[in-house]
Amino acid sequence: MNHTEQLTYREAMREAIREAMQQDPSVFLMGEDVGHYGGCYAVSKGLLQEFGESRIVDTPLSESGFVGAGIGAAMGGMRPIVEVMTVNFSLLALDQIVNNAATLRHMSGGQLGVPLVIRMATGSGKQLAAQHSHSLENWYAHVPGIKVLAPATIADARYMLAMALVDPDPVLIFEHVMLYNRKEAVPKADDCPAMDQAVVRQQGSDITLVSYGGSLFKTLAAAEALTEQKISAEVIDLRSLRPLDTQTLFSSVNKTHRLLVVDEGWRTGSLAGEICALVAEHCFWALDAPPQRVCSQEVPIPYPKHLEIAATPQVEHIVTTAKQIVYR
Amino acid sequence: MKDKNTLTRFLLEQIQTIAPDSDTDNLDPDEDMRDELDLDSMDFLRLLESISKQLSVNIPEVDYNKITTLNNMVNYIQAIAR
Amino acid sequence: MKTITMPSFGADMEQGKVAEWNIKPGDTVHRGDIIATIETMKGLIDMEVFDDGIVEQLLVQAGSEVPVGEPIATLRLLGEVAVETPQIKTTPVEKSEKPSTPLYANNEADYTTPVSTPPSETTAAISTQPHLETAQQAISLISPAARYQAEQQGFDWRTLPMGTGPNGAIVLADIQRYFQAEKSDLNATTPVKKHTHIEHDENEQKMRQAIAAVVSQSKREIPHYYLNQDISLTHALQWLQHYNETQPPESRLLINALIYCAIAKALQKFPTFNGFFQNNRFQPAEQVHLGNAINLRQGGLMVAAIHNAATLTPVTMMEKLKDQVIRAREGHLTMSEMQDATVTISNLGDRGSDAILGVIFPPQVALIGVGRVREVAWVENHIIKPVTIVSMSLAADHRVTDGHDGARLLSKINKLLQKPEQLT
């Protein structure tokens, strides 16, 4: 591989799975259409041929069933990777994830662990309408006992999975559907810091823009537009939604004195709200303006393209809100 | 301005203008006036400027040590003016 | 419409007297014009205007004592339409081009909380009764960060005029601006020079409190390091003597002019000592504006900025120094001279102590101390000889620079003073 060679998010994820399976025979992938069809976003394409049906397992359409099977396998010493098509469908497995995977270590007094990784697609932008487009990752970030990751960059897509597999507890990985086709130069393992660390993607001094997953690149584009208007925005990529790297967050807000959170989830009860509350609790005396949020409109994500765009955070909206906060 | 008293009065007036709060009434004419009146180098230079402009007496830098007290300065100016 | 308020020249200033108006209603003014002379306990300061516009109203008469922050005049900014009935205006629109942000409102109709509009500070009463009432009755809006900073720096934000944030809220930038203005004052009262009079005990006490706040903040927050270097003035004095021989007293130079030129030129070569440390980072200043301490004689010092000092020659530097001393004592320093210094020189003069290690004035990052010009026994090429020297010191912010950089700065000043002809 030479330096200019590029990798898509989809390929990065596939490479991550392939590497994990090559290195550890206890790792296997299961989910709907992951085998013969190659995954609904084509992440696992070709893996069936390489690893065979015992390790790339097509499951029936039963989220509760196959997530439960994954939990059992993990408790039995395996390192399963379970793919759920979208976060909307994961609600069928909510009982398994929240009542079993997240609780067993606690309820067994530490005797049992569930080293399970669940990957799922999230977010809007592909005109898949209200049953396939929501961003419900915050529901999981609410629950103690599990960890929630949102890789946005190619490096994170490529290298976070291995960290998640090493973790002794359940880790959920949210892959935003608009990221699969993004390309970047082939990353190195060093490009991906520890999975629970937030990363400052752009340094700035006037305002802190916090984002993650699919909203990150809109936020970076907004930061660039702000730079042209002489507003220096710092962009934080959360990467981990649970636990939150509050240290990086607070030190940035203490420097810039202003906060805007960009989150494709709905505003009410959002992760953005949680971050604003944390900052208000911990950085109150550093704030020079009220913290603000750019979130999705409080409607089921619509099917028509123009309404889908109107319902979700866009670059112009981030820029306008940031300017109001900086009051310029 | 040959008269010693007139010259002394003139010098004290100039000092008052440059350093308005200085206690010229109680100045011992034989003490170092810069020390007594707390005149810094800028004040002193401005005093020489006034003397030069109003009396047409140009005191070169090398002679600064001859005019450290009020009496010395009066005598020096009288000597030059003569 | 822009409301012009009584400016603050320091935490110790509660009110000022409009000694003289240089403008009348209907006059066109430009940024930088002197519009009034303000009398403070430190003397007279020329007040500049910061916008282009037309004077609409003078709200106080010359001779009035006005608390800091009170409106004293209104200005119609260029492009604005005249206000028909200035007597009943209620909201001074600070900057009309800004988006109006509802302070307490949410963008979504479903979640809107009742919007309360805070009362404006400027009311009709001002033009007829230029007194304290209005400022006290109004609710002052201030951001937590601005409030914290104000309290850290020991001044009462309630006395500040309306800020530049939404609905006139005082924000961090406003505090930093006032602090900039204040710093020259605090500089001005460093206890290195004795006060010849203690004029007003009360003023004195407030001044001490203001100094205490800043020097404490400086020593608490700025990790100082100190360097000292003895610099031979043999060449500089020879050059000076030669130059002055042919000059009448009004054109003669003082050694300070050479020293200041050398410092300014050296600072330009080492920009990490010239600027401000704010918001956890250092921002170098583009020009060297030397803060120069001037002894006011009647009590205290003032620090006046010598603008663009690195571009001056010893002759123009001398003109500046002389001009500033005269204006400072006559009370005609301008606001920008009071506010713009990017670095400070603490000069003990020719009758002070041998050396001084100073306290940096935040948010500056360096202070250069100039000791007494004195004769010492100096060893050069194994020979002891009498040489006139000056001890030059540097107090610098270790967050921005290291001792190695500081040594290079002092060494550069030394080199420049060894070749005085090159300073011209």
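In strand β7 of chain A, V171(A) is the bridge partner of K147(A), in a model that is predicted. The two strands concerned, β6 (residues 147-149) and β7 (residues 171-176) of chain A, pair in the parallel sense over 3 bridges. Both belong to an open sheet of 7 strands in chain A, arranged in the order β3-β2-β4-β5-β7-β6-β12 and mixed in its pairing. The edges of this sheet are formed by β3 (56-58) and β12 (240-242) of chain A, each of which pairs on one side only, and from one strand to the next the twist averages 20°. Helix α1 (residues 9-23) of chain A packs on the sheet, where it touches β2 (27-31), β3, β4 (79-86), β5 (117-122) and β7 of chain A, and the direction of α1 makes about 155° with that of β7(A).

A further helix of chain A, α9 (residues 216-228), comprises 13 residues that should span 18 Å at 1.5 Å a residue, and the 19 Å separating its end C-alpha atoms agrees with this expectation. The buried residues of α9(A) are L216(A), T219(A), A222(A), A223(A) and L226(A); seen down the axis of α9(A), these buried residues fall within an arc of 120°, and they therefore line one face of the helix. On the other side of α9(A), by contrast, E224(A) and E228(A) are exposed. The packing partners of the buried residues of α9(A) are the strands β9 (199-202), β10 (207-211), β11 (233-237) and β13 (259-266), together with helix α13 (315-326), of chain A. Just after α9(A), K230(A) takes a positive phi of about 65°.

Notes:
Residues numbered from 1 in each chain as written. Chains lettered and ligands numbered in written order. Predicted model: local features only at pLDDT ≥ 70, side-chain atom pairs only at ≥ 80, totals over all residues. Heavy atoms only, no water. Helix = DSSP H or I, 4+ residues; strand = E, 2+ residues; numbered from the N terminus. Expected span 1.5 Å × (residues − 1). Buried < 20%, exposed > 50% of the residue type's maximum accessible area, 1.4 Å probe, protein only. Arc of directions from axis to C-beta. Contact = heavy atoms within 4.5 Å. Pairing = 2+ DSSP bridges. Axes fitted to C-alpha atoms, helices over the stretch in contact; angles between N-to-C directions.
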